[in-house]
Every structure is written in C-alpha cells, then in structure tokens.
Amino acid sequence: MTRKLHRLLAIVSIGTLLLAACGGGELGGEESEEPEESQAAGESEAAPSEAAFPEGDVAIELWTKEGDPQIEYVQALADAYEAERPNVTIEVVNKDVELLREDLVNTALSPDAAPELVWTVADHVGPFTAANVIQDLDGKVDTAPYEEGALAAVQVDGTTWGIPISNGNQLMLYYNKSLVGEEAPADTDELISIASENTSPPDTYGLVFNETESFWLTPWLAGFGTSVFAEDGTTPNLDTPEMQAALQFLYDLKYTDAVMPTEADYTIASDLFTSGAAAMIVNGDWELGNYGDQLGDDLGVAPLPTVTSTGLDPAPYTAGSFYMVPAAVEGDALTVVLDFISWSTSTENQIQMVEELRRLPANLEALEDPIVTDDPLLAGAAEAVQKGTPQPTNVEMRCVFDAMNTGIRDVLGAGNDDFAAVTAAMQAAADNCVATL
C-alpha cells in the first residue's frame with residue numbers, strides 16, 4: 001500500500017531540537033514573563049515538556065488490535081514515521097483484542113515482555129490499570145487537539161490513561177440498498193419486516209451479526225430500559241426483566257422470526273453481508289471502510305432502529321481506538337513513543353486515516369474537515385455515535401462481558417429460551433467474578 005503521509009514533522013522536529021537546546025532540554029524551559037498571579041489563577045496551562053529527540057537507534061514494538069485489511073494503514077503509518085525518523089524502527093504486531101489484553105496483563109510479572117506501545121480499545125483501561133501495566137499520560141501528551149468525548153473514554157478519576165486515535169467504535173446498522181432500499185428501518189417492527197422479505201434459507205438472510213459476543217447484546221439493553229450496572233456504576237445489574245426482554249428479542253429474531261442463519265460468528269456474519277447473502281448486518285464502525293469498498297454505492301449506514309415496544313433507542317457502547325503506553329517504557333523509548341503518538345494523530349494524519357479506514361477521527365480539526373462532514377456514510381456513523389453511550393472502563397466491566405458472553409451463547413447458540421434462568425446465571429457469574437477482583 002502506498003500513501004503520502006505528511007512531511008511537516010521534519011520541520012517541526014528541527015525547531016523542537018533547537019528550542020530544546022536553548023531551553024535546557026525542554027520546550028518552554030525559559031522562565032515565563034507572564035505575571036505569577038495569572039499562572040496561579042489557572043488562566044494558562046503549560047504544555048507538556050518535550051525531551052530532545054534521541055540520536056541513537058531506537059526500536060519500538062507496537063501491538064495493535066487491527067487485523068486485515070486495517071493493519072495495512074497501521075503499517076503505512078509506521079513506515080512514514082520511520083522515513084521521518086531514520087533512527088527509529090517500529091515493528092507492528094497484530095493481536096486479537098482479547099489476546100492483547102491477556103498478554104499485556106501478563107507482563108506485570110515480566111515487564112521485559114511488554115511492547116513499547118499498544119493500539120487497543122477503551123475497556124482495556126480497567127484491567128490494565130488494575131494490573132499496573134500502563135502508565136498515565138497526564139502532562140506527557142498535549143490533549144488539547146482531541147475531541148472531549150473520545151478523550152473521556154480513557155480518563156478515570158481525572159487521570160488520562162490513553163490517547164484517542166479514532167472516535168466511535170459503536171455498533172450500527174449496515175444495509176445493502178439494492179436489497180433493502182434507500183432508507184434504513186426506523187424501528188424494530190420495520191427491521192423484522194424487511195429482514196423477513198430478504199430471508200430464504202439456506203442461501204439468503206435478512207439480518208446477521210456476531211452471535212457469540214455480548215458486545216452485540218449491550219446496545220439493546222438501553223432499548224429495553226436497562227444497563228449492565230446499578231446506579232453505583234460498579235455493581236452488575238444483569239438479572240432483570242429488561243435483560244430478559246432483550247434476550248427474548250434476539251432469540252425471536254433467530255428462532256421465531258427466523259431471519260438469521262443457524263450460526264454466525266464475526267467472520268461468518270461479515271462474509272454473508274459482503275457477499276450479498278445478507279441484507280443487513282449489525283457491526284462496528286471499524287468495518288466502514290471495508291464494507292464501503294465491497295458494496296460501493298449500495299452501502300447504507302444508520303443507527304440501530306428504535307425498539308418498537310418501548311419507544312427507546314438502542315445505545316451502543318462508544319469509545320474508539322486508543323494508544324496506551326506500558327508502564328516500563330522510559331528514556332529514549334518513551335520520548336519516541338510520545339512523539340509518534342502526537343505525530344500520528346495530527347490533523348493531517350487523522351484526515352489520512354479517515355480516507356483509508358473511513359473512521360471518525362478523534363482530532364477536533366479533522367472532525368470538522370469536509371472529508372467527514374460531506375460524507376453520507378460518515379454522517380450515518382456520526383449519528384450512531386450520538387445515540388451511543390460511553391463504554392464503562394472500570395475493571396468490573398470485564399466480569400460483566402464474560403458473564404454475558406456465556407448467556408448470549410446459551411440463548412442464540414443453544415436455543416435456551418429460559419431467560420430467567422439465563423439472567424440468574426449471568427448475575428451469579430458476574431458477582432462471583434467481581435468478588436475475586
């Protein structure tokens with residue numbers, strides 16, 4: 001893959017080194033002439049200090065959740081940075097989201113096994129901070145360029161644990177206009193009607209999604225008037241009538257309305273949609289570029305439809321993709337990592353990301369660029385983000401996800417329609433897990 005990522009960094013870098021030499025190794029190293037009372041009043045805030053860029057060779061290992069074809073962009077970004085910084089090499093390593101989480105947590109016992117940088121998801125903040133395997137980035141990266149909501153996803157009790165790369169990560173409804181029409185279904189009754197018209201097993205199906213992961217259950221909980229936590233934000237709240245109603249809805253889609261295939265994990269569902277064998281799919285914004293390439297003008301994007309029985313909108317979890325820095329990274333490696341984070345999320349590179357991945361950027365100026373505002377697919381994604389809710393980052397969320405994974409697989413995989421028993425088991429599993437944290 002070839003692409004031109006901006007070359008402004010070379011000029012900025014020279015200026016940085018000159019300023020650092022004059023200011024004792026830091027930008028802004030000279031005393032400010034601003035009155036002390038203004039500083040004390042908090043009218044201005046110093047930018048993060050920057051160490052002089054190292055001259056020796058520095059090797060960086062970057063773990064990323066991005067797989068094919070999105071990893072091509074990550075590699076191109078690394079290659080462009082290496083061209084700007086010839087003494088730096090960046091090895092890009094793909095890891096499944098769950099494997100990335102497990103492997104980094106395990107570095108608590110062997111820090112030397114940790115990479116220098118990770119590109120991951122917001123819900124890893126909880127387990128990573130609990131295991132003390134990432135470092136806070138307060139005062140190390142200037143956070144002013146980033147959209148507030150995207151940044152908030154990795155801030156816990158006022159501490160910043162990551163820097164946003166993309167804004168969103170929400171589930172939404174993709175539809176094939178050649179099968180569904182120009183307009184997406186507005187509510188779940190219309191969703192079922194359109195899906196039924198496009199279902200003819202075993203060849204075609206009206207609706208598909210990943211039936212094996214509870215991330216695809218969570219948006220519908222808001223549509224039925226509940227959430228995964230009690231009001232305190234940490235106590236699992238899974239054994240409820242609303243949860244049972246959400247499970248009933250998904251069960252009916254598969255077994256009563258029969259608009260879904262016999263089984264569908266992530267890959268099966270996505271392949272059915274891109275091949276034209278499925279009219280609609282619920283999937284994340286991370287597939288926008290891929291689906292756009294596959295379906296072209298036939299692709300439509302919209303928020304998940306309103307639940308007809310409640311009048312409530314589903315609320316997918318929102319977050320995005322984030323850089324996090326392992327705790328053991330220091331010295332020259334840390335200087336390079338922080339420089340790469342800021343460089344790769346600059347306005348120009350974020351616009352390049354939108355062009356390549358069709359994801360909403362986290363950089364404020366890039367969000368306001370016509371490449372976002374004039375694109376109907378990105379506009380649909382932006383509307384879906386607005387209906388979402390920030391994904392919890394507390395460590396209890398992992399217990400909830402794991403407990404709901406078992407439940408959703410029991411309902412959609414095994415066809416268990418004893419929803420009271422399923423939610424009771426989910427609650428017990430989550431409570432037991434939280435007790436061990």
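Definition to start with: I call a residue buried under 20% relative accessible area, exposed over 50%, and partly exposed in between (1.4 Å probe, protein chains only).

Ground rules. I am working on a predicted model, where local features need pLDDT of at least 70, side-chain atom pairs count only at pLDDT 80 or more, and totals for chains, interfaces and linings use all residues. Residues are numbered from 1 along each chain as its sequence is written, and side-chain values use heavy atoms, with hydrogens and water left out.

**Entry 1: the overall tally**

I counted secondary structure and got 19 helices and twelve strands. These are DSSP runs numbered from the N terminus: helices are H or I with at least four residues, strands are E with at least two. The chain has 437 residues, and 52% of them count as buried. Its accessible surface is about 18800 Å², with 48% belonging to carbon and sulfur atoms; the areas come from the Shrake-Rupley method with a 1.4 Å probe, and for residues only the protein chains shown count as cover.

I also looked at contacts, meaning heavy atoms within 4.5 Å. Taking those between residues at least 6 apart in sequence, 76% join residues at least 24 apart.

**Entry 2: strand β9**

Is β9 enclosed or open? I found seven of the seven residues in β9 (residues 278-284) buried, so the strand is largely enclosed by the rest of the structure.

Next I checked its neighbours; strands pair if DSSP finds at least two bridges between them. Strand β7 (residues 171-176) runs antiparallel to β9, with five bridges between the two. Met-172 has Asn-283 of β9 as its bridge partner. Strand β8 (residues 205-208) is parallel to β9 and is joined to it by three bridges. There I see Val-208 opposite Ile-281 of β9.

**Entry 3: strand β3**

Five of its five residues are buried, and I noted the strand as mostly covered. Strand β1 (residues 58-64) runs parallel to β3 through three bridges, with Thr-64 opposite Trp-119. Strand β11 (residues 317-324) pairs with β3 in the antiparallel sense, over four bridges. Trp-119 turns up here too, with Tyr-323 of β11 as its bridge partner.

**Entry 4: the nonpolar cores**

A nonpolar core here is a set of buried Ala, Val, Leu, Ile, Met, Phe, Trp, Tyr and Cys residues joined through side-chain atoms within 4.5 Å. Which residues touch the most other members of the largest core? Among its 49 residues, they are Leu-207, Met-280 and Met-404. Two or more residues each come from β7, α8 (188-197), α9, α10, β9, α18 and α19 (419-435). Helix α18 gives the largest share, eight residues.

I zoomed in on Met-280. Leaving out residues up to four places away in sequence, the residues that Met-280 touches include Leu-173, Tyr-175, Leu-191, Ile-194, Leu-207, Val-208 and Phe-273. Apart from this core lies another of 36 residues, among them Ala-78, Ala-80, Ile-163 and Ile-341.

**Entry 5: salt bridges**

I counted 13 salt bridges in the structure, using a side-chain nitrogen of Lys or Arg within 4 Å of a carboxyl oxygen of Asp or Glu.

Glu-98 bridges to Arg-101 at 2.9 Å, N to O. Both are in helix α4 (residues 97-106), three residues apart, about one turn of the helix. Glu-98 counts as partly exposed because its relative accessibility is 28%, while Arg-101, at 14%, counts as buried.

Asp-123 and Arg-398 make another salt bridge, with the closest N and O atoms 3.1 Å apart.

Then I found Glu-211 meeting Lys-254 at 2.8 Å, N to O. This pair links distant parts of the chain, 43 residues apart: Glu-211 is in the loop between β8 and α9 (218-223), and Lys-254 is in helix α10 (residues 241-256). Glu-211 and Lys-254 are both buried.
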